[in-house]
Amino acid sequence: MTNLTNITKIINKKSDLYGIANFQKNKKELVNEYGEDICKYPNAISIAIKLNKEIIDHIPETKENEEYAKNYLDEYFNSHKKINKIADEISKQIEEIGYNAIPIYVSGENEKINLTKRFSHKTTANLAGLGWLGRNALFITKEFGPRLTWVTILTDAPFETYQDKPLDPLCGDCTCCMDICPSGAITHEKKPSESYNPKVCGNYIKAESEKGHSIACGLCLYICPHGRNE
């Protein structure tokens, strides 16, 4: 029978970064945001996999290059499929040793739980101490910057909390994402809730698409100095 130590080894092998968050510590805030079911189990595993570096490094060329744009979009959606599958595999392993586990997929949903809104995996990663929110509202880690795809597993398995303390933002005075943003959706405000306007971003992408550009944008993900040289 697989034990928790072995499952931890499997998570480590299948992911590029992971952490454990204790949702009971922030239960009131989490329930207010997502409803009672988000704290159905006390712990949450935050799991991430890297996006392909070569593909991400071609993001500035995606507006004019159909192949690079397609590669980026394919990588984006394929990473979703891959990490959702990993979440299912890990959840099954946890259940096989007698604990409960519910994967919350990249979409922020799972029909097994009733949430009042789609779950943001940035929440788990932040509470697990894996990184911070940048001005562009992307979740940034020291190791890989924002070049990651995330998923969450809710569980009552007693994993040891391996950090469980949100990191202070390390963006400092950096304005790379703001300077490169073609839509003006990112501003000088330091709080992501104030510095990033998703509506402005979305309207820009829609307008460029209607002009016939093969745009996937992602420039703020590409330019972030954290993770560019890993």
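User: Is E208 buried or exposed in this model?
Analyst: Keep in mind that this is a predicted model. The cut-off for buried is under 20% relative accessible area, and E208 comes in at 6% relative accessibility. So E208 counts as buried.

User: Which side chain does E208 meet in a salt bridge?
Analyst: Side chains of opposite charge can pair when their charged atoms come close. Here the N to O distance is 3.1 Å, and the partner counts as partly exposed at 29% relative accessibility. That partner is K63.

User: How many residues apart in sequence are the parts that E208 and K63 tie together?
Analyst: E208 sits in helix α8 (residues 198–210). K63 is in the loop between α3 (53–56) and α4 (66–96). The pair therefore ties together parts whose separation in sequence is 145 residues.

User: What's the distance between the closest N and O atoms of D57 and K53?
Analyst: D57 is partly exposed at 28% relative accessibility, and K53 is partly exposed too, with a relative accessible area of 31%. The two form a salt bridge, and their closest N and O atoms are 3.0 Å apart.

User: Is R118 buried or exposed?
Analyst: R118 meets E109 in a salt bridge at 3.5 Å, N to O. E109 counts as partly exposed at 39% relative accessibility. R118 has a relative accessible area of 56%, and the cut-off is over 50%, so R118 is exposed.

User: Which residue joins K53 and D57 in one network?
Analyst: The structure holds eight salt bridges. Some share partners, and K53 and D57 are joined into one network that way.

Conventions: Residues are numbered from 1 along each chain as its sequence is written. This is a predicted model: local features need pLDDT of at least 70, side-chain atom pairs count only at pLDDT 80 or more; totals for chains, interfaces and linings use all residues. Side-chain values use heavy atoms; hydrogens and water are left out. A salt bridge is a side-chain nitrogen of Lys or Arg within 4 Å of a carboxyl oxygen of Asp or Glu. Buried means under 20% relative accessible area, exposed over 50%, partly exposed in between (1.4 Å probe, protein chains only). Helices (H or I, at least four residues) and strands (E, at least two) are DSSP runs, numbered from the N terminus.
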